[in-house]
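Reader: Please take me through the aromatic contacts of this model, with the reasoning behind each assignment.

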Amino acid sequence: MSASAGTGVFVLSLMSIPICYLFNSFIYNNSAEAFLFAGCSTVLILAISARFMLKKKAPEDPLFYVYAVYAFLSVVNLIIGLEQDNIIDGFMTFYLKEADPHINTAHGHMISYWDGCVHYLMYLLMIAAITWGDSYRAIGLYWVGSFLMRATVYILGNAVGKYGTHVGPLFIFHMLYISVSVWACFRIFSQPSTRDMQSTNMQNDQRTGLLGRPLDLLFIIFLIPTLAFCVFRGLVRNSGKICPMPRQWQNHLPTKECLYVKLFVFEVALDCSSKWCQDYTQQYEPYLKDPSAYPKVQMLVSMLYSGPYYIITLYGLLVPGCEWMPDLTLVHSGALAQAQFSHIGASLHTRTPFSYRVPADSQPVFLLVNVLYSLVPQALCYRCCTQPAFFLRPATEKKNE
């Protein structure tokens with residue numbers, strides 16, 4: 001397949017910069033003629049870009065078109081993040097005034113930067129792989145984990161945080177984006193794995209004991225305190241109260257008692273009364289008390305999903321033949337990278353109220369602990385994907401099953 005399609009997506013994504021600027025300017029000028037000109041120009045630019053993309057042969061993979069649109073939106077999100085931090089001006093001013101309030105939180109800032117940089121790079125890499133006919137399953141699984149973490153925290157944070165009553169049309173649009181992305185996740189999971197190892201290599205690696213695999217032993221040693229830290233942060237006490245769900249959401253629930261039970265469970269999970277929990281919150285991570293509820297949801301999701309993952313991973317490092325290990329580590333490492341980037345950045349960002357930011361004298365410890373907590377799963381993912389022999393099973397065993 002020609003590389004022109006991938007080049008066209010890259011050019012199309014960059015066209016979001018002048019398009020955002022023109023639309024923002026014309027909206028503030030309140031000129032119908034200018035707005036019509038901007039709309040026609042946008043349609044013309046998109047048509048020319050699509051013609052350039054599909055000049056020789058249209059890609060058959062439907063995810064190509066999904067990622068092309070997402071790449072365009074990623075650049076828009078990067079523009080939003082830069083304008084929120086006053087690095088640029090006049091591109092998304094109107095949108096920032098009319099958008100959902102969560103976009104102006106520190107968590108919203110970090111989401112914009114993550115989507116505009118990391119997700120944008122992943123979209124371009126997957127588009128390039130589709131263009132050249134290569135497999136993009138590994139990058140896709142990493143994106144799946146990142147997207148699922150972002151979407152889960154966004155939905156639950158909006159439901160129980162202080163912005164729970166501010167649900168506008170843009171939230172419906174975001175739910176459409178989530179629905180399409182979930183479909184893309186299933187498409188990626190359905191792709192066949194490209195791992196192929198010789199049976200002799202698998203047998204030699206799987207016969208080696210744990211002491212003969214010092215790297216795996218080191219990972220096991222690190223995963224135990226990582227699991228403890230994950231559970232500890234999920235139980236850290238938070239004195240802030242969770243805001244109720246919007247009234248229109250409650251009407252769709254079967255009973256009010258169901259809502260009360262869910263909120264009770266949520267508050268208990270974050271209501272550890274231990275002195276260690278209180279001291280840690282006050283000295284190192286006061287951002288966990290932020291009333292936006294995003295950090296609370298982040299820690300709760302990490303405890304409920306990352307905690308069992310670490311236990312399963314310990315089993316996979318001890319027992320050979322766990323073929324799900326490379327895929328599972330890819331999904332989890334993408335989720336944790338997104339979560340930690342948002343959490344670390346929001347804890348230090350100026351949009352976070354000063355009382356909820358990490359104190360200056362505690363920042364070295366905060367950064368050291370959270371960076372190590374982020375890097376260990378990434379290193380484990382790299383080990384499982386580059387040296388998967390221990391986790392694979394011979395083809396004869398699969399045929400017998």
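The questions and answers below concern aromatic rings in this predicted model.

Reader: How many aromatic pairs does a search of the whole structure find?

Author: Two rings pair if their centres lie within 6.5 Å. With the whole structure searched, the number of aromatic pairs is 13.

Reader: Is the pair of W143 and F147 stacked or edge-to-face?

Author: The ring centres of W143 and F147 are 5.5 Å apart, with 15 degrees between the planes. Planes under 30 degrees apart count as stacked, and those over 60 as edge-to-face. The pair of W143 and F147 is therefore stacked.

Reader: Where do W143 and F147 lie, and how many residues apart are they?

Author: W143 and F147 are both buried. Both belong to helix α7, residues 137-160. About one turn of the helix separates them, a spacing of four residues.

Reader: Which parts does the pair of F147 and Y177 tie together?

Author: The centres of the F147 and Y177 rings are 6.1 Å apart and the planes stand at 85 degrees, so this pair is edge-to-face. F147 lies in helix α7 and Y177 in helix α8 (residues 169-189), so the pair links parts 30 residues apart in sequence. The parts tied together are helix α7 and helix α8.

Reader: Is Y177 buried or exposed?

Author: Buried means under 20% relative accessible area. F147 has 1% and is buried. Y177 has a relative accessibility of 13%, so Y177 is likewise buried.

Reader: Which residues form one aromatic cluster with F147 and Y177?

Author: F147 pairs with Y177 edge-to-face, and with W143 in a stacked arrangement. The cluster holds F147 and Y177 together with Y67, Y70, Y123 and W143.

Conventions
Residues numbered from 1 in each chain as written. Predicted model: local features only at pLDDT ≥ 70, side-chain atom pairs only at ≥ 80, totals over all residues. Heavy atoms only, no water. Phe/Tyr/Trp six-rings, centres within 6.5 Å; stacked < 30°, edge-to-face > 60°. Helix = DSSP H or I, 4+ residues; strand = E, 2+ residues; numbered from the N terminus. Buried < 20%, exposed > 50% of the residue type's maximum accessible area, 1.4 Å probe, protein only.
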